[in-house]
Amino acid sequence: MTGSQKSPASESRAAHKGQQTKAAIVDAALGLATQIGLEGLSIGALAEVARMSKSGVFAHFGSREELQLSVVREYHERFEAEVFYPALQAERGLPRLRQLFANWTQRTSAEIDSGCLYISGAAEFDDRPGPVRDALASSVKTWLAAVHRSVVQARDEGHLSADMDAEQMVFEIHGLILALQYEARFLRSAKSLQHTAVGFENILARYGAAVPSVPTPRSTIKKSVKK
């Protein structure tokens, strides 16, 4: 083997290191995007935050658009890991739907200071066709489809009325999350979480859910508001 040739092991280590570097860059880019938005994200701004050269960042993505797409993919993966997959541990039907919404609310609450990429991205790219808008819209639609499946399962399990409109219910649940973001992040309402919890119970009741056997976490909400 000549000096210019690399062994399979050294090539594997180099590839692994490259993947780690790219993951670190995407992590920094995601943090930056939640602060300044996807549109404000650039190779130069990211290089400064990541303490790398512009050429080093560019080598991993090739374009600003690919950087934005990588951030959208990373955000979606983290969203699923925090909101969707843990809810699958709950019993099928209404318990799982409740857990999905609880996880979603918790994630939204944690993003009050940084902002939700789905919501800020919608404001930035709603009238700008292209791959970034398509990626954002696809991610949101994928998530709402998962919520719809949970609603349908709750109906099929007899936890909701047999003639309920699953699509309309998902629309109203999504609306609660959007209102929570607006009320908490923009209006700084101390009652936003409480209103969201009550709103969810009202939606469940209107669609035929029985009175919950366990109390809703209003006491927890009150404590978090007092802090």
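Some ground rules. Residues are numbered from 1 along each chain as its sequence is written, and side-chain values use heavy atoms, with hydrogens and water left out. As the model is predicted, local features need pLDDT of at least 70 and side-chain atom pairs count only at pLDDT 80 or more, while totals for chains, interfaces and linings use all residues.

I start with R107, in helix α5, residues 94–110; helices here are DSSP runs of H or I, at least four residues, numbered from the N terminus. Is R107 buried or exposed? R107 is buried, at a relative accessible area of 9%; buried means under 20%, exposed over 50%, and partly exposed in between, with a 1.4 Å probe and protein chains only. Setting aside neighbours within four places in sequence, R107 is in contact with Y75, R78, F79, E82 and V83, where contact means heavy atoms within 4.5 Å.

Next, the helix pair. Residues of α5, including L97, F101 and W104, meet residues of α8, among them M169, I173 and L180. By class, this contact has eight nonpolar, five polar and no charged residues. Nonpolar covers Ala, Val, Leu, Ile, Met, Phe, Trp, Tyr, Cys and Pro; charged covers Asp, Glu, Lys and Arg; the others, Gly among them, are polar.

Last, L69, which sits in helix α4, residues 64–87. With 12% relative accessibility, L69 is also buried. L69 and D134 are 65 residues apart in sequence, yet their C-alpha atoms are 9.6 Å apart in space. Apart from neighbours within four places in sequence, L69 is in contact with P131, V132 and A135.

Terms used. Helices (H or I, at least four residues) and strands (E, at least two) are DSSP runs, numbered from the N terminus.
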